[in-house]
Amino acid sequence: MIESPDRTPLPRDFFDRPVLEVAPDLLGRTLVRMTDDGPIELRLTEVEAYAGEVDPGSHAYRGRTARNAVMFGPPGHAYVYFTYGMWHCLNLVCGPVGTAGGVLLRAGEIRAGHELARRRRLSARHDKELAKGPARLATALDVDRTLDGTDACADGNSPLSVLAGTPVTPGRVRNGPRTGVGGEGAVHPWRFWIEGDPTVSPYRAHTPRRRRA
């Protein structure tokens, strides 16, 4: 008998741990996005850990700024950033207040609200591609900078929440280099994913951007 995913919201102390503990533990959990048109639910299948000021790949490596301030705040909040002038990416803040840490939500399987996700991901050839990659995930869930700082552990009608779902057994969790991270941060094998899951995005090494003459 297959048990239904646990609908219990994850408490704040789940996120109040080192980011390398939280990241793999998020696999299989249910992310709920309440939009104006209704809810969209996603099973997390791929994440990346970023360890703040000790991690050259992190936005917080050089300290606190207006852009990354949420990463230093209470755990369980959303950190949303805009990249390449086109895409948003969604992270969940981890660790104690004052210590920057976050988990980038890289991919997932849409479990509810398929029609709402498809409206925003018209280029997806099938449902497995709706949230296959961090920009696609954010687009499918209608995530933008207005959600930066949202408390995913708040009681009531928060636009973002995380449910216990169905945690993945350790034997199915794989890890390797983070996608697109260069320099010293490229050495960290802090990307975690569910082995064999078709919604996991392909690995791509960092490609330096050419400077314009």
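Is Met86 buried or exposed? Met86 counts as exposed, because its relative accessibility is 52%. The model described here is predicted. A search of the whole structure finds 20 salt bridges, and the structure also holds 2 aromatic pairs.

**Surface patch**

- Met86 is found in the loop that runs between strand 4 (78-83) and strand 5 (87-93).
- Together with Tyr84 and Trp87, Met86 forms a nonpolar patch on the surface. The accessible area of Tyr84, Met86 and Trp87 together is about 380 Å².

**Aromatic rings and the charges over them**

- The structure holds 2 aromatic pairs. One of them joins Phe14 and Phe15, whose ring centres are 5.0 Å apart. With 75° between the planes, the pair of Phe14 and Phe15 is edge-to-face.
- Phe14 counts as buried because its relative accessibility is 9%. Phe15 has a relative accessible area of 0%, so Phe15 is buried too.
- Tyr79 and Tyr81 also pair, with ring centres 5.7 Å apart. The planes of Tyr79 and Tyr81 stand at 40°, so this pair is tilted. Both Tyr79 and Tyr81 are buried.
- Over the ring of Phe14 sits the charged end of Arg17, 4.6 Å from the ring centre.
- The ring of Trp193 has the charged end of Arg191 over it, at 4.3 Å from the ring centre.

**A buried aspartate and its contacts**

- Asp55 is found in the loop between strand 3 (38-50) and strand 4. Its relative accessibility is 0%, so Asp55 counts as buried.
- The side chain of Asp55 makes a polar contact of 2.7 Å with the side chain of Arg178.
- A polar atom of the Asp55 side chain also lies 2.9 Å from the backbone nitrogen of Gly57.

**Salt bridges**

- Among the 20 salt bridges is the one between the side chains of Asp37 and Arg119, at 3.8 Å from N to O. Asp37 lies in the loop between strand 2 (30-35) and strand 3, while Arg119 lies in helix 3 (residues 114-120), so the pair ties together parts that are 82 residues apart in sequence.
- Arg119 has a relative accessible area of 54%, and is therefore exposed.
- Glu46 and Arg191 form another salt bridge, in which the closest N and O atoms are 2.7 Å apart. Because Glu46 lies in strand 3 and Arg191 in strand 9 (residues 191-194), this pair ties together parts that are 145 residues apart in sequence.
- Glu46 counts as buried because its relative accessibility is 0%. Arg191 counts as buried as well, because its relative accessibility is 5%. Arg191 is also the residue whose charged end sits over the ring of Trp193.
- Arg174 forms a salt bridge with Glu195, and the closest N and O atoms of this pair are 3.0 Å apart. Arg174 lies in strand 8 (residues 173-176) and Glu195 in the segment after strand 9, so the parts tied together are 21 residues apart in sequence.
- Arg174 is partly exposed, with a relative accessible area of 31%. Glu195 is likewise partly exposed, with a relative accessible area of 38%.
- One network of salt bridges that share partners joins Arg33, Asp37, Arg119, Arg120 and Asp142.

**The loop between helix 4 and strand 7**

- Asp142, one of the residues in that network, has its place in the loop between helix 4 (134-140) and strand 7 (160-165).
- Asp142 is not a glycine, yet Asp142 has a positive phi of about 60°. At 31% relative accessibility, Asp142 counts as partly exposed.
- Thr150 lies in the loop between helix 4 and strand 7 as well. Thr150 is buried, because its relative accessible area of 13% falls under 20%.
- From C-alpha to C-alpha, Thr150 and Gly101 are 16 Å apart in space, and the two are 49 residues apart in sequence.

Technical notes:
Residues numbered from 1 in each chain as written. Predicted model: local features only at pLDDT ≥ 70, side-chain atom pairs only at ≥ 80, totals over all residues. Heavy atoms only, no water. Phe/Tyr/Trp six-rings, centres within 6.5 Å; stacked < 30°, edge-to-face > 60°. Buried < 20%, exposed > 50% of the residue type's maximum accessible area, 1.4 Å probe, protein only. Lys NZ or Arg CZ within 6 Å of the ring centre and 35° of its normal. Helix = DSSP H or I, 4+ residues; strand = E, 2+ residues; numbered from the N terminus. Patch = residues over 30% accessible without salt bridge, like charges linked within 9 Å, V, L, I, M, F, W, Y side chains within 5 Å. Areas by Shrake-Rupley, 256 points an atom, 1.4 Å probe, with all protein chains shown as cover. Salt bridge = Lys/Arg side-chain N within 4 Å of Asp/Glu carboxyl O. Polar contact = N/O pair within 3.5 Å; in protein donor to acceptor, adjacent residues only side chain to side chain.
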